[in-house]
Structure formats: structure tokens, C-alpha cells
Amino acid sequence: MRRLLFVILNVVFVAGVFGQQTIVDQFEKRSHTLDGFTLPYRLFVPANYDAGMKYPIVLALHGAGERGTDNERHIVPHRLATSWADPENQAENPAFVVAPQVPPGGRWTADLPVDESDFNQEELTTLAILDSLAREFNIDPERVYVTGLSMGGHGTWDLISRLPDRFAAAIPMSGNADPTQASRLLHVPIWTFHGESDTVVRPFGARGIVQNMEDAGRDVIYTDCRRAPVQQINFDCAGVIPGSELASAIDAHADLIYTAAERVGHGPWNVWYDHPLLAGWLFSKQRVVTDAIQIDQPVAGARWSGESTVSWSSEGPESDTVEV
């Protein structure tokens with residue numbers, strides 16, 4: 001019986017690797033040079049691309065272990081990039097996926113905090129890649145997403161902190177955040193994942209920035225370890241909330257979700273990227289621009305009862321939506 005079980009498990013494993021490699025092979029090998037600095041990158045173009053349609057794009061930032069110049073190792077071992085190019089996800093949400101690779105010794109972030117530094121060369125070149133793809137393809141500027149794991153999680157937090165109006169949503173995994181940047185991110189949809197037992201990248205930064213956003217009045221969905229009361233640092237790990245409860249929250253437009261997994265270390269990224277609700281959550285988000293609308297009615301401080309009309313004005317396109 002043990003022998004039979006061993007054989008079955010190996011067949012499943014090989015099938016999974018084959019499927020991953022098949023998706024990897026659909027990513028084009030490219031590179032981009034900015035001011036003499038070159039980044040190789042992989043690009044997935046949706047099947048049957050139609051230039052008359054706008055497409056979202058997912059920027060995928062790898063971890064430190066995938067640095068290099070081979071333009072391959074950063075998308076092969078993890079579902080960081082390939083999960084979005086999976087045929088099932090593409091059938092529901094056709095999207096571009098771009099995965100740049102930093103050179104050996106490179107980083108996605110500067111060594112100093114956001115307020116004490118500027119973009120580094122890797123970030124500048126990555127942003128230039130996004131700009132070049134927007135010129136080449138019909139990319140929807142309202143649906144540009146960023147995700148990353150470990151070092152790429154740092155990069156994800158860093159990019160949205162520096163450019164809080166650029167990205168429609170972010171998924172940082174096992175990345176260190178700067179809690180002092182919480183006020184800049186109050187409008188950015190974020191689903192962050194971190195292991196409570198992670199000793200490679202301690203969860204304090206991610207936990208701290210989520211806590212600071214919550215303290216500033218933002219609603220947070222805790223899927224695993226919860227926090228009570230608000231002012232405490234320690235989280236209450238009472239168990240994973242039911243999937244139906246999380247799905248209902250997502251249907252109600254939850255835009256800040258923290259998966260702080262108890263007794264979990266640095267990862268498991270493949271499991272997280274294949275979360276059954278993650279892709280639907282991400283692609284439902286559109287870029288939020290602060291102060292894009294002006295409320296005409298009611299005036300500040302007014303109290304209404306019964307049925308009343310809320311009116312606003314905006315310089316944006318007629319297709320813009322406002323949620324009250």
C-alpha cells in the first residue's frame with residue numbers, strides 16, 4: 001500500500017511540473033534597457049489578443065533566490081507569474097503578465113526607507129517596461145496590478161508606497177513593509193500574505209502597516225490570525241474563517257485582506273497564488289484615484305434622514321463609477 005501511494009504521488013507531482021513548464025513556455029523572452037541598465041523579462045500575451053480591447057496586466061516581482069540573467073529561473077519554480085497565465089484564469093480574465101528579473105546582487109528596493117530614498121535602477125527600468133508595453137499593446141491603465149514574493153514582496157510594498165495612484169491592486173507575499181506609509185495606501189486594494197512563523201522576513205512590517213491602516217479607519221478582513229483589540233500588536237489566531245465568509249466579504253468589495261497564517265514560515269507561495277478566490281478578487285479591482293470626485297450634496301457635516309440624493313462632480317470619463 002505504501003509503495004502504491006508513493007507511485008501515485010510521484011505521478012501527480014510530475015503532472016504538476018509538466019503543466020507549469022507548459023505555461024512557462026508561453027512567456028516570451030524579452031529585455032529592456034534604460035540609461036545603459038538592462039533587465040531581462042518574460043511576457044505572457046493573452047491568446048487571441050485583440051487590439052480593439054483593453055487588457056489588464058499583472059507585474060510579478062520574484063524573490064532573492066531567483067535573481068540572475070538567464071530570464072528563466074524567476075518564473076519556473078513558483079506560481080508567482082504562471083498562476084495568472086493559467087488557462088483557467090485566462091478563460092475568466094484574459095490578462096498580460098510581465099515578470100522582470102533583477103541581476104545577481106540586485107534588489108527591487110532601495111536600501112533606505114521610502115521617505116529617505118528614491119527609486120532604484122531596477123524599479124525605474126521595471127516602470128519603463130510597463131510604459132513600453134502600454135505603447136505596444138492596448139493595456140488598461142485602470143487595471144495594472146503588482147504582486148511579489150519575499151524580496152518581490154518588499155518591492156510590491158515599495159512600489160505602491162511610492163506610487164499609490166499607479167496600481168489598481170497589490171498582492172505582497174512574505175514582504176517587509178514600512179508601517180509609516182500606511183496613510184498613503186488607505187485607498188489601495190491590498191491582499192497580503194505572511195507566515196506568522198516566518199524567520200526569514202519577520203511579519204512585523206506587514207502586520208504593522210495593516211494595523212496602522214486599520215487604526216486609520218480602514219476595514220480589514222483577517223482570514224487566519226485576527227487581531228483584538230485594535231490597539232494591540234498581538235494577533236488572535238482563532239482559526240481560518242470559512243471560505244463562504246471570505247467569499248461574501250469579497251462580493252461586498254473587501255479591499256484590504258490579511259492572510260497571517262499561523263505556524264507557517266516563509267511561504268507557501270504556490271498554495272497562496274492558487275487560492276481559489278485570489279484571481280477573482282484581483283481582477284475585480286480598478287485603480288482608485290484619491291480626490292478624483294467632489295461631493296456636491298450633502299455638504300460637510302449635514303445629517304439626512306429618509307430618501308435623499310447624493311450628487312458629485314468629476315473630471316474623469318463618464319464611464320467612471322462611484323461607490324457610496
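Student: Which residues does Phe 167 touch, leaving out those up to four places away in sequence?

Tutor: In this predicted model, and with residues up to four places away in sequence set aside, Phe 167 touches Leu 59, Leu 127, Leu 130, Val 144, Tyr 145, Val 146, Leu 159, Ile 160 and Arg 287.

Student: And where does Phe 167 stand in the largest nonpolar core?

Tutor: The largest nonpolar core has 41 residues, and of these Phe 167 and Val 98 touch the most other members. At least two residues of this core come from each of the strands β2 (37-44), β3 (55-61), β4 (96-100), β5 (139-149) and β11 (256-261), and likewise from each of the helices α4 (121-136), α5 (151-162) and α6 (204-215).

Student: What about the second core, which residues does that include?

Tutor: The second core is separate and has 38 residues, among them Phe 193, Ala 254, Val 264 and Trp 272.

Student: Switching to the sheet: in what order do the strands run?

Tutor: Nine strands make up an open sheet with mixed pairing, and their order is β1-β2-β4-β3-β5-β6-β7-β11-β8. At the edges are β1 (28-34) and β8 (221-222), each of which pairs on one side only.

Student: How do β1 and β2 pair, parallel or antiparallel?

Tutor: The pairing of β1 and β2 is antiparallel and extends over seven bridges, with Ser 31 having Pro 40 in β2 as its bridge partner. These two strands form a hairpin with two residues between them, and Asp 35, which lies in the turn, has a positive phi of about 50°.

Student: And β3 with β4, how many bridges there?

Tutor: β3 and β4 pair over three bridges, in the parallel sense, and Phe 96 in β4 is the bridge partner of Ile 57.

Student: Now Thr 109, where does that lie, and is it buried or exposed?

Tutor: Thr 109 lies in the loop between β4 and α4, and it counts as buried because its relative accessibility is 10%, where the cut-off for buried is under 20%. Apart from residues up to four places away in sequence, Thr 109 touches Asn 120, Glu 123, His 154, Gly 155 and Asp 158.

Student: Last topic, the second largest pocket: how much space lies in it, and which residues are closest to its centre?

Tutor: The second largest pocket holds about 290 Å³ of space. It is lined by 15 residues, of which Leu 112, Pro 113, Asp 158, Asn 176 and Asp 178 are the closest to its centre.

Student: How does that lining divide into nonpolar, polar and charged?

Tutor: Six residues of the lining of the second largest pocket are nonpolar, five are polar and four are charged.

How values were computed. Residues are numbered from 1 along each chain as its sequence is written. This is a predicted model: local features need pLDDT of at least 70, side-chain atom pairs count only at pLDDT 80 or more; totals for chains, interfaces and linings use all residues. Side-chain values use heavy atoms; hydrogens and water are left out. On a 1 Å grid over the protein atoms alone, a cavity is a set of points where a 1.4 Å probe fits but cannot get out, and a pocket is an open set with protein on both sides within 12 Å along at least five of seven lines; lining residues have an atom within 4 Å of a point. Grid points are joined across faces, edges and corners, and a volume is the space filled by probe spheres set on the points. Ala, Val, Leu, Ile, Met, Phe, Trp, Tyr, Cys and Pro count as nonpolar, Asp, Glu, Lys and Arg as charged, and the others, Gly among them, as polar. A nonpolar core is a set of buried Ala, Val, Leu, Ile, Met, Phe, Trp, Tyr and Cys residues joined through side-chain atoms within 4.5 Å. Buried means under 20% relative accessible area, exposed over 50%, partly exposed in between (1.4 Å probe, protein chains only). Helices (H or I, at least four residues) and strands (E, at least two) are DSSP runs, numbered from the N terminus. Contact means heavy atoms within 4.5 Å. Two strands pair if DSSP finds at least two bridges between them.
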